[in-house]
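The sequence and model come first.

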Amino acid sequence: MIEKKEIKHIADLAHLGLTEKELESMQKNFSSILDYIEILKKADISSIEKDFSKKGMNNILRKDAQKEISKNERDELIGMFPETKNNYLKTKKIL
Amino acid sequence: MDLLNLTIKKIHQGLVNKEFSDLELTKAYLDKIEKEDKKIHSFLSVYRDRAIAKSKKVDEKISKGEKISLLEGVPVSIKDIILVKGMKCTAGSKILENYIAPYNATCINKLEKEGVIILGKNNLDEFAMGSSTENSGFGPTKNPIDLNRVPGGSSGGSAAAVAANFSVFSLGSDTGGSVRQPASFCGVVGLKPTYGRVSRYGLMAYSSSLDQIGPITKTVEDSRIVFNIIKGKDVLDSTSVDEENTNSFHSDQIKGLVIGVPKEYIVEGVDSEVSSLVEQAIKKYEDMGAKIEEISLPHTKYAIPTYYIISASEASTNLARYDGVKYGFSKGDNLKDLYFKSRGEGFGKEVRRRIMLGTYALSSGYYDAYYLRAQKVRMLIEKDFKKAFKKVDVIMSPTCPTPAFKLGEKTQDPVQMYLSDIFTVSVNLTGLCGISVPCGNMEVNSVKLPVGLQLIGKPFEENKIMDIAEIMEK
């Protein structure tokens with residue numbers, strides 16, 4: 001079974017605040033899911049190893065251009081900010 | 001005339017011939033929702049005034065003798081993870097409880113251009129993560145055929161709404177079976193198009209390499225009409241593709257049809273009555289002259305774990321945007337507190353579980369063992385299908401190993417819940433197209449529960465598998 005402190009570490013990485021009880025239930029569920037996905041280790045991927053690359057894939061890029069939106073649209077978006085100040089998004093202090 | 005059980009073409013004829021007005025039609029649906037959806041809970045929001053105003057405009061056009069399109073005035077509903085400008089879009093999550101869509105998804109633009117009437121938004125598993133709609137942050141949807149049972153998921157609200165005659169059709173999204181499995185459970189038709197065939201712009205992202213929007217309809221004919229409107233390349237979705245494949249199938253070609261039946265799909269845990277109904281359905285094609293060929297998809301046993309690692313990994317990055325800073329549920333005193341509380345309290349249990357699994361699979365030290373390995377196994381599964389499709393035109397299987405299960409039956413055991421997607425996930429992992437069409441009913445405690453037949457096609461052969469599926473309806 002995966003250790004509780006490891007569950008806590010993953011929750012921290014994922015920015016999820018979990019209560020003690022939630023951590024315990026997560027530990028239980030998580031262990032059964034990990035046991036289940038363990039079967040993948042048995043798959044023989046040797047035939048894939050050599051041709052596994054980004055071959056045949058390419059990036060599709062667009063110009064990083066500014067798009068004009070109407071005042072209405074702007075107000076709607078700003079209206080969904082949890083906190084605003086002078087029509088700007090207000091965030092918590094980061095330093 | 002029963003206004004609530006008409007196909008798109010019948011509605012169009014009725015409107016054009018003035019057998020009923022669009023206002024009458026739209027009101028009939030809205031009234032039915034108001035009266036009956038309390039017990040089913042397939043809608044999260046209904047926009048009555050907006051729908052009525054739009055229907056009056058359609059009637060005006062008709063009375064002026066103007067031409068209307070086939071979909072004009074057709075009352076529809078949309079899974080609440082696809083953005084409709086001005087309507088709430090919650091993704092079934094408390095974290096977006098009050099979020100209002102600031103723009104339209106591309107598929108919605110296309111449908112509204114044709115003049116459909118959007119009645120409201122359908123319930124779903126939170127962020128489309130689930131197979132029963134029990135993971136909705138706003139309470140589960142019930143199966144209209146048996147209220148003690150789930151409608152499937154994650155597009156359970158969509159399938160239930162169409163089955164209950166609350167809307168003519170709905171759009172859902174399918175990441176691992178989320179259109180086909182609920183269609184199977186509710187006795188309706190669900191199409192998962194080829195990856196990239198329908199623009200995902202305006203679909204809240206769960207797993208970007210697997211997600212695809214598809215219609216849930218009462219008939220294959222309706223599915224074809226909706227699909228052919230929503231498909232196509234979109235500059236706003238760089239993974240969407242321009243594809244002119246219009247391969248179709250005529251019933252007189254059935255003598256040359258080769259149907260593949262994977263031997264690995266005869267697995268433990270498949271309900272014997274489901275197997276026998278699906279066998280009978282395949283036999284029907286054989287009796288008409290099709291050839292049945294046993295095929296092998298040897299990596300099938302890896303499909304679900306591969307799917308869960310890839311989808312959870314992509315979800316953990318896609319859902320990082322819900323942080324309480326810019327929109328949605330927001331709670332906390334300082335920055336770190338804000339992230340942890342907004343996400344910890346805003347997301348439900350299953351979403352948190354998948355974010356955790358994805359974070360784990362992508363984290364240093366585990367990336368090669370889980371994520372990279374899963375991507376490689378995904379290629380093995382793809383090779384299986386490529387090989388099979390050299391010999392066969394279409395693959396058939398049950399859509400789901402069981403009929404609709406009871407509410408609460410699988411909520412305690414996530415792995416059991418995941419197994420209900422065993423026949424559908426491979427289609428997403430390989431980017432193929434698939435459709436679920438009803439192929440019979442099985443009686444359980446004197447209730448007739450529908451069973452779905454899944455047809456899997458080569459990339460971009462949606463029209464062909466729909467034609468083949470349509471034979472099943474006759």
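## Burial and the basis of the model

A residue is called buried if 20 or more other C-beta atoms lie within 10 Å of its own, exposed if 12 or fewer, and partly exposed in between, with C-beta atoms placed from the backbone. K301(B) counts as partly exposed because it has 16 C-beta neighbours inside 10 Å. K301(B) sits in the loop between β8 and α9 of chain B. Helices (H or I, at least four residues) and strands (E, at least two) are DSSP runs, numbered from the N terminus. From K301(B) to L380(B) the separation is 79 residues in sequence and 12 Å in space, C-alpha to C-alpha.

The model is predicted: local features need pLDDT of at least 70, side-chain atom pairs count only at pLDDT 80 or more, and totals for chains, interfaces and linings use all residues. Residues are numbered from 1 along each chain as its sequence is written, and chains are lettered from A and ligands numbered from 1 in the order in which they are written.

## Confidence in chain A

The predictor's confidence in each residue is its pLDDT, from 0 to 100. Chain A has a mean pLDDT of 89, with 93% of its residues at 70 or more. Where pLDDT is low, the predicted coordinates should not be read in detail.

## The sheet of chain B

Chain B has an open sheet of 11 strands with mixed pairing, in the order β1-β3-β2-β4-β6-β5-β10-β11-β9-β7-β8. From one strand to the next the twist averages 30°. Strands count as paired if DSSP finds at least two bridges between them. Strand β2 (residues 75-79) of chain B runs parallel to strand β4 (residues 170-173) of chain B, and 2 bridges join them; S77(B) stands opposite S170(B) in β4(B).

Strand β5 (residues 189-192) of chain B is covered on both faces, with V189(B) and L191(B) buried on one side and G190(B) and K192(B) buried on the other. In a regular strand the side chains alternate between the two faces of the sheet. β5(B) is joined by 2 bridges to strand β6 (residues 213-217) of chain B, in the antiparallel sense, and V189(B) has T217(B) as its bridge partner in β6(B). β5(B) also pairs antiparallel with β10(B), over 3 bridges; there L191(B) has I435(B) as its bridge partner.

## Contact between the chains

Residues are in contact if their C-beta atoms, placed from the backbone, lie within 7 Å. By this rule 39 residues of chain B are in contact with 33 residues of chain A. Helices α9 (303-318), α10 (335-346), α11 (349-362), α12 (368-391) and α13 (414-419) of chain B each supply at least two residues of the side of chain B that touches chain A. That side consists of 22 nonpolar, 9 polar and 8 charged residues, where Ala, Val, Leu, Ile, Met, Phe, Trp, Tyr, Cys and Pro count as nonpolar, Asp, Glu, Lys and Arg as charged, and the others, Gly among them, as polar. Buried residues of α10(B) include L338(B), Y339(B), F340(B) and R343(B).

F81(A) lies in the loop between α4 (71-79) and β1 (84-85) of chain A. Leaving out residues up to four places away in sequence, F81(A) touches L89(A), K326(B) and Y327(B). F81(A) is partly exposed because 17 other C-beta atoms lie within 10 Å.

Most residues other than glycine have a negative phi, and most peptide bonds are trans. The bond joining G153(B) and S154(B) is cis, with omega about 5°; S154(B) is in the loop between β3 (117-122) and α5 (156-163) of chain B.

F127(B), not a glycine, has a positive phi near 50°. F127(B) counts as buried because it has 31 C-beta neighbours inside 10 Å. S446(B), also not a glycine, has a positive phi of about 60° and is found in the loop between β10 and β11 of chain B. S446(B) counts as exposed because it has 5 C-beta neighbours inside 10 Å.

Terms used. Axes fitted to C-alpha atoms, helices over the stretch in contact; angles between N-to-C directions. Contact = placed C-beta atoms within 7 Å.
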